[in-house]
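Work through the exercises below with the model open. Each task is followed by a solution in steps.

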Amino acid sequence: MSTMKSAQTVYYGPSSTTYPSAGSVSKGEAITALWTESTWCYIEYSVTGSSNKKRGYVPTNTINLTESVSAFSGTNSGMRYVQATDCPMYFGPNAITYPTCGSLSFREEVQYLGVKANNPSFAFIEYDVTGSTKKKRAWVYANNLATALPETTDVAIYTEGTKINSAGDYWHITQGWNGKNGHLGLDIIRRNASDTKIEGAEVYAIAPGTIVARNYNSANGNAVVIEHTTADGKTYYSMYGHLKQSYDKTTVAKNEAIGIMGNEGLQSQGEHLHLGISKDKVGTGFWGYARNSAGNKVTFTETKPGCKVFDSKQFYNPTKYFSQGDTFISDNYS
């Protein structure tokens with residue numbers, strides 16, 4: 001562990017003119033030196049009043065170096081394109097330890113700097129700051145990047161085989177509506193063009209709305225409930241369960257990323273997304289299955305096609321919703 005010789009501004013890259021400020025460190029503050037680049041050093045430091053950490057650049061001669069530090073091993077590995085509709089950036093290579101430092105737009109161009117971390121879930125990139133001549137360096141979920149410009153796509157249509165990006169990733173339904181034991185939704189995973197399951201995939205909002213619940217519970221782990229409104233003014237809800245992480249947001253657009261798929265909660269038996277759609281608000285702890293009076297899961301008879309009233313709440317078959325849009329909600333709102 002090294003320490004700072006003096007108080008310093010921390011920058012997003014190895015220059016105080018090309019890159020904006022990312023924070024600051026104090027004289028005597030303990031830091032970890034990660035690599036050097038020209039006269040600069042890439043460091044990790046703690047965020048005051050938080051368990052989070054940040055990474056950024058300070059001049060090497062401002063550090064009392066006590067550890068062996070190598071030169072930056074990355075290279076400019078070429079242009080990449082954002083293939084997610086909402087792509088958060090992080091101060092370091094995971095979404096838990098490090099806070100966000102902005103976001104990128106679908107199809108935005110970035111430079112991949114040839115470094116990945118965490119097996120290799122996150123990539124180190126450089127990108128232009130909108131409305132400025134400056135640049136930033138940060139970490140992004142690697143599966144959000146493509147080498148070719150992505151096709152415009154509706155990533156939040158969670159139906160079997162729906163293409164997510166130009167690389168050939170697609171949604172696969174592992175358990176359908178009213179499948180095994182009266183399932184009140186869909187279980188979904190993401191696969192690549194080689195039919196290999198992609199771990200840690202982002203999940204997306206099915207429609208514009210307001211996040212009305214976001215917390216952890218024993219049934220579904222991290223879960224999110226979003227309130228939506230149909231074109232003719234009717235309110236309905238979508239619930240996303242078993243997330244590894246949910247993003248701290250209030251309002252979301254259709255196709256906006258809201259978290260990362262996981263294997264959290266007692267109901268989960270392998271990483272997937274449970275998606276439920278209902279007329280009535282459900283809690284994040286809703287177990288996602290119809291049950292009999294003894295509390296056992298049971299296959300059900302639909303109240304009407306694509307609909308099931310259970311526990312005084314009306315649930316909708318997501319597959320019907322994706323094929324018909326919110327007209328399906330409006331036509332079955334009683």
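**Exercise 1.** In this predicted model, find what joins the side chains of Glu 126 and Arg 137, and state where the two residues lie.

Solution. 
- Step 1. Glu 126 and Arg 137 form a salt bridge through their side chains, with an N to O distance of 2.8 Å.
- Step 2. Glu 126 belongs to strand β12 (residues 122–128) and Arg 137 to strand β13 (residues 135–141), so the pair links distant parts of the chain, eleven residues apart.
- Step 3. Buried means under 20% relative accessible area. Glu 126, at 13%, is therefore buried, and Arg 137, at 12%, is buried.
- Step 4. A network of salt bridges links Glu 37, Glu 126 and Arg 137.

**Exercise 2.** Decide whether Arg 55 and Glu 44 are buried or exposed, and describe the contact between their side chains.

Solution. 
- Step 1. The side chains of Arg 55 and Glu 44 meet in a salt bridge, 2.8 Å from N to O.
- Step 2. Because Arg 55 is in strand β6 (residues 53–59) and Glu 44 in strand β5 (residues 40–46), the pair ties together parts that are eleven residues apart in sequence.
- Step 3. Relative accessibility is 16% for Arg 55, which counts as buried; Glu 44, at 14%, is buried too.

**Exercise 3.** Classify the accessibility of Lys 234 and of Asp 232, which form a salt bridge.

Solution. 
- Step 1. In this salt bridge the closest N and O atoms of Lys 234 and Asp 232 are 3.0 Å apart.

**Exercise 4.** Identify the residues that touch the most other members of the largest nonpolar core.

Solution. 
- Step 1. The core has 51 residues, and those with the most contacts to other members are Phe 124, Tyr 158, Ile 206, Tyr 240 and Leu 273.
- Step 2. Strand β22 (residues 257–261) gives the most to this core, four residues.
- Step 3. Leaving out residues up to four places away in sequence, Tyr 158 touches residues including Trp 171, Ile 173, Leu 273 and Phe 322.

**Exercise 5.** Describe the largest pocket by its volume and the classes of its lining.

Solution. 
- Step 1. The largest pocket holds about 320 Å³ of space.
- Step 2. It is lined by 20 residues, of which Gln 175, Asp 187, Gln 267, Gln 269 and Tyr 289 are the closest to its centre.
- Step 3. The lining has four nonpolar, eleven polar and five charged residues.
- Step 4. Strands β15 (170–175) and β16 (186–191) each supply at least two lining residues.

Conventions. Residues numbered from 1 in each chain as written. Predicted model: local features only at pLDDT ≥ 70, side-chain atom pairs only at ≥ 80, totals over all residues. Heavy atoms only, no water. 1 Å grid on protein atoms, 1.4 Å probe; cavity = no way out; pocket = protein on both sides within 12 Å on 5 of 7 lines; lining within 4 Å. Points joined across faces, edges and corners; volume = space filled by probe spheres on them. Nonpolar A, V, L, I, M, F, W, Y, C, P; charged D, E, K, R; others polar. Core = buried A, V, L, I, M, F, W, Y, C linked by side-chain atoms within 4.5 Å. Buried < 20%, exposed > 50% of the residue type's maximum accessible area, 1.4 Å probe, protein only. Contact = heavy atoms within 4.5 Å. Salt bridge = Lys/Arg side-chain N within 4 Å of Asp/Glu carboxyl O.
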